[in-house]
Amino acid sequence: MRSGQRKHRRHSGAHDTGIRLGGGTGRLFRSELRHRTGQVAGAALACALTAAGAGACALLLLGAGLTVRPPGSPAAEADEGVRQLLSMLLSLLLMCAVLVIGSTVSLWTGQRLGQFAVLRALGVTAGRTRLMVALDVARLAVLSAAAGSALAMVPLAYAGRGLLVAQQLLPAGTGLPGPALTALTGLGVCLATAAVAVLAALLSVLAAGRGAPVGLLKTSGPPPVRSRARLVTGLVMVALLVLPLLVVMALPGFPATVRAAMAPGVALMVVPTLAVLAPWLVPALTRPVCTALRVVDRRVGRIAAAGLRAAPARTTAMAVPVLLAVGVAGALLGAGTTVDRAVRDQTGAGLLADAMVTAGPGTRLPASPGRHPGVTAVPLLAAKVTTPPGAYDSKPGPVRAWGVDGPALARVVDLGVTRGSISALRPGTFAAAAELADEHHWALGSSVRLKLPDGTARPVRLTAIYERGLAFPRLMIPRATALAHTKAPYADRIALSGSPDAWPAAPGQKVLPRAAYVADFARNPADNLGIRLTVAVICGYSLLAAANTGALAQRDRAAQRAHLRALGLGRFQMLRCVLYEALGAGAVGLALAAAVALSCLIPLSATLGTGVLPSFDAPWILGVLATATLAITLPAAATARPFAAMHRHFARRSV
């Protein structure tokens, strides 16, 4: 009977406590915001940035979709390209948000284990504890997303529209949705961000209700990052992801274009592999950094070096975001710059025309420009031709081609023909770049069944093979064939021989002299913009994680700073110690990032024939380095409060 009464009182007390806590979860959340601002700031900023960026992308997508374009028109094609770019950016934003929000919420939840232990000891069930954590994450995400969408969504959308118009990727007449649709978009973005945050924090939510109260009270810190399972995972990634790509790049039997395409893939595989193996690589790289710190500053540098060596897990946590940001930026931007240099070199060597006429967004060049005194125009017709399946592509897509008159093309463009003659190009024949011919094992005179722009498949004979297929289209078909098999033929470029001023430039046309055309020539602007947006998103979220990790690392070292101040370390010496340790961890991440970039760019540069030393996008790389330096130093210094009085440091030991 007594046991039944005790059991009834126990269940009744738990129920009463749960009722009281159910009405006070909002107070607990507000208390967290007041007393643990640093812990929740990273997750709140990530939610706000995600909502603003995703909302701006959604508004631009809606604006491009609401504008009615004639089917098949240049404006419709431009809108489709912009939609693909924005969809890629939106998915990238959400993926990065899941990683960063998940990590920051995990750190925040890990520091609340003492609270959960007390609540569990008071009778709160595991399910109610998990619900409380999920509600806290949802509240934080909704409030942050609402602030981000209200303050920055519309300005970012207008800025993105201006950028797309300036890059000639979007017609100037494209607008944005009205106020009602904009408000609905903001509401949807807030709800979606909250859902993403809760899903990203799912492991932390489940961990909050797992275990007994005594076990939660015994938990004093995060689990060690150096485990046998992690080592095995890293080695498997090396064997299955990195080594096959390196073998493909090293084998001479593969075409140059295939090996060049593998270079960014190597970087994207090496970065997460090094991140997984970082606990074993960081200690080895920490030694030279510690030696440098001791040489630079004998007293304070020795203390900072001891901190780096004594806490390899903390050093790894600060170095990995720098590795991700700088490594991805160096590899992707360097690959684009190296390819652009190779394209520019081939263009400068192969272009014989005095000027080139190009079309702006929403306009097309005429297929038959006519005769004009003082200048000779050679139209290079745009075409899409599909080749048969090759050794490396079982389902080939359309290949960019030019429809040209062979003798006229030879006067304005030198394709670097190695076999055959471009002047022999006539109906029933075609010319191909050497990489494409090697991929399909074509020889001079081979009969190939090509699918022409209107879908007609006809056998044609290979009459010329050229080597400058990186700067110019990889296929050349006769002009008469392109005109006969294209519904609305137009020129991709118009090459001019003579005085460029004699060309009557119509609205939307741009006439560039040869030197200016070669200097400004680059790959597809959408590809360049897509790479830069990808780098900006990955670097932004990675450095946000670096700032949050650095701040939390200094918060956990309040007791050590108090003892250092008690032993006589001055305020400026404390500041130098904090900065040395943060910069030392950043230097370790920078060394790993340099290994990533060089492993990608040196083989790429050698494959493209631009020399052993690769090219780098210096402004962007310097900008990422400066931002990374600020991200790892300012939050750490602000959290450490090196100029506070000594008794303040001892008072903060229990915070």
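**Surface patches and buried contacts in a predicted model**

R309 is placed in helix α11. In this predicted model, R309 has a relative accessibility of 47% and is therefore classed as partly exposed, since the partly exposed class lies between the buried limit of under 20% and the exposed limit of over 50%. R309 belongs to a patch of positive charge on the surface, in which R294, R298 and R302 also take part. Helix α11, spanning residues 298-310, supplies the largest share of this positive patch, namely three residues.

L181 is located in helix α6, which comprises residues 179-200. The relative accessible area of L181 is 32%, so L181 is partly exposed.

At the level of the whole chain, 21 helices and ten strands are present. The chain has 655 residues, and 47% of them are buried. The accessible surface of the chain amounts to about 30100 Å², and carbon and sulfur atoms account for 65% of that surface. When contacts between residues at least 6 apart in sequence are considered, 82% of them join residues at least 24 apart.

T50 is in helix α2, which runs over residues 37-66. With a relative accessible area of 2%, T50 is buried, because the class takes in values under 20%. Leaving aside residues up to four places away in sequence, T50 touches G55, L94, A97 and Y541. T50 is also 9.8 Å from M153, C-alpha to C-alpha, with the two residues 103 residues apart in sequence.

S542 is in helix α17, formed by residues 525-555. The relative accessibility of S542 is 8%, and S542 therefore counts as buried. With residues up to four places away in sequence again excluded, the contacts of S542 are P321, L324 and A325.

The C-alpha atoms of P478 and F430 are 6.9 Å apart, while 48 residues separate the two in sequence.

The phi angle of H441 is near 60 degrees, which is a positive value in a residue other than glycine. In general, a negative phi is found in most residues other than glycine. H441 has a relative accessibility of 66% and is therefore exposed, as the exposed class requires over 50%.

Taken by accessibility class, the residues described here can be set side by side. L181 in helix α6 is partly exposed at 32%, as is R309 in helix α11 at 47%.

Key. Residues are numbered from 1 along each chain as its sequence is written. This is a predicted model: local features need pLDDT of at least 70, side-chain atom pairs count only at pLDDT 80 or more; totals for chains, interfaces and linings use all residues. Side-chain values use heavy atoms; hydrogens and water are left out. Patches are made of residues with over 30% relative accessible area and no salt bridge: like charges are joined within 9 Å, nonpolar side chains (Val, Leu, Ile, Met, Phe, Trp, Tyr) within 5 Å. Accessible areas come from the Shrake-Rupley method with a 1.4 Å probe; for residues, only the protein chains shown count as cover. A salt bridge is a side-chain nitrogen of Lys or Arg within 4 Å of a carboxyl oxygen of Asp or Glu. Lys and Arg count as positive and Asp and Glu as negative; His and the chain ends are not counted. The place of a charge is taken as NZ of Lys, CZ of Arg, CG of Asp or CD of Glu. Helices (H or I, at least four residues) and strands (E, at least two) are DSSP runs, numbered from the N terminus. Buried means under 20% relative accessible area, exposed over 50%, partly exposed in between (1.4 Å probe, protein chains only). Contact means heavy atoms within 4.5 Å.
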